[in-house]
Amino acid sequence: MTDSSTRPLAVFDLDNTLADTAHRQHFLESRPRDWDGFFAAAPQDPPIAQGVALATESARACEVVYLTGRPERCRRDTLEWLAAHGLPQGRVHMRGDADRRPARFTKLEILRRLARDREVRVFVDDDDLVCDDAERAGFTVVRARWAAKSAALAEAQEREGRT
């Protein structure tokens with residue numbers, strides 16, 4: 001299958017799956033959290049070799065799609081980061097700027113929408129709650145365990161719906 005409208009999808013998260021956010025975690029450790037600083041620092045994220053290699057490998061058989069909890073206002077920086085690090089071209093699904101639902105709800109909603117028209121061959125994410133829900137919904141999941149866990153980021157994803 002080479003037609004992009006019939007190829008299965010490989011869906012990748014960004015933060016701590018493809019992009020190492022460790023250098024900007026400090027923005028989430030204070031109260032109130034500095035979300036503007038956190039997202040402004042995203043263009044400096046180093047790529048995570050294991051995630052990038054998996055995305056590149058997946059592009060041979062699948063159309064790569066990106067599914068992130070980053071807000072829509074970060075689209076330009078996100079697209080530039082993906083291109084700068086040689087990741088496969090693909091659609092990028094982002095959270096609405098005012099959407100504060102937990103990532104496990106927003107991402108599962110988009111995964112289900114994608115699966116209505118195409119096979120989702122694999123979903124790759126670092127968030128255990130997102131992965132658990134995706135597996136329960138019948139998706140094949142690869143848990144990205146190649147970045148250090150951040151308690152502040154996990155809380156932000158689940159309780160504040162920010163990434």
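Two strands are taken to pair if DSSP finds at least two bridges between them. The legends below describe a predicted model.

**View 1. Strand S1 and its pairing with strand S4.** S1 and S4 meet this criterion with 4 bridges and run in the parallel sense. Within this pairing, Ala10 stands opposite Val122 of S4. Strands of a sheet pair through backbone hydrogen bonds, either parallel or antiparallel.

**View 2. Strand S1 and its pairing with strand S2.** Here too 4 bridges connect the two strands, S1 and S2, in the parallel sense. Phe12 has Tyr66 in S2 as its bridge partner. S1 is covered on both faces: Leu9 and Val11 are buried on one side, and Ala10 and Phe12 are buried on the other.

**View 3. The open sheet as a whole.** Five strands with parallel pairing form an open sheet in the order S3-S2-S1-S4-S5. Its edges are strand S3 (92–95) and strand S5 (141–143), each of which pairs on one side only. From one strand to the next, the twist averages 20°.

View 4. Strand S4 (residues 120–125) runs parallel to S5 and is joined to S5 by 3 bridges. Val124 stands opposite Val142 in S5.

**View 5. Helix H2 against the sheet.** Helix H2 (residues 49–58) lies across strand S1 (9–12), strand S2 (63–71), S4 and S5, and runs at about 165° to S1. Gly51, Val52, Ala55 and Ser58 are the buried residues of H2. These residues lie on the same side of H2 because they cover an arc of only 130° around the axis. The buried residues of H2 pack against S1 and S2.

Terms used: Residues are numbered from 1 along each chain as its sequence is written. This is a predicted model: local features need pLDDT of at least 70, side-chain atom pairs count only at pLDDT 80 or more; totals for chains, interfaces and linings use all residues. Side-chain values use heavy atoms; hydrogens and water are left out. Axes are lines fitted to C-alpha atoms, for helices over the stretch in contact, and angles run from 0 to 180 degrees between N-to-C directions. Contact means heavy atoms within 4.5 Å. Buried means under 20% relative accessible area, exposed over 50%, partly exposed in between (1.4 Å probe, protein chains only). The arc is that of the directions from the helix axis to the C-beta atoms.
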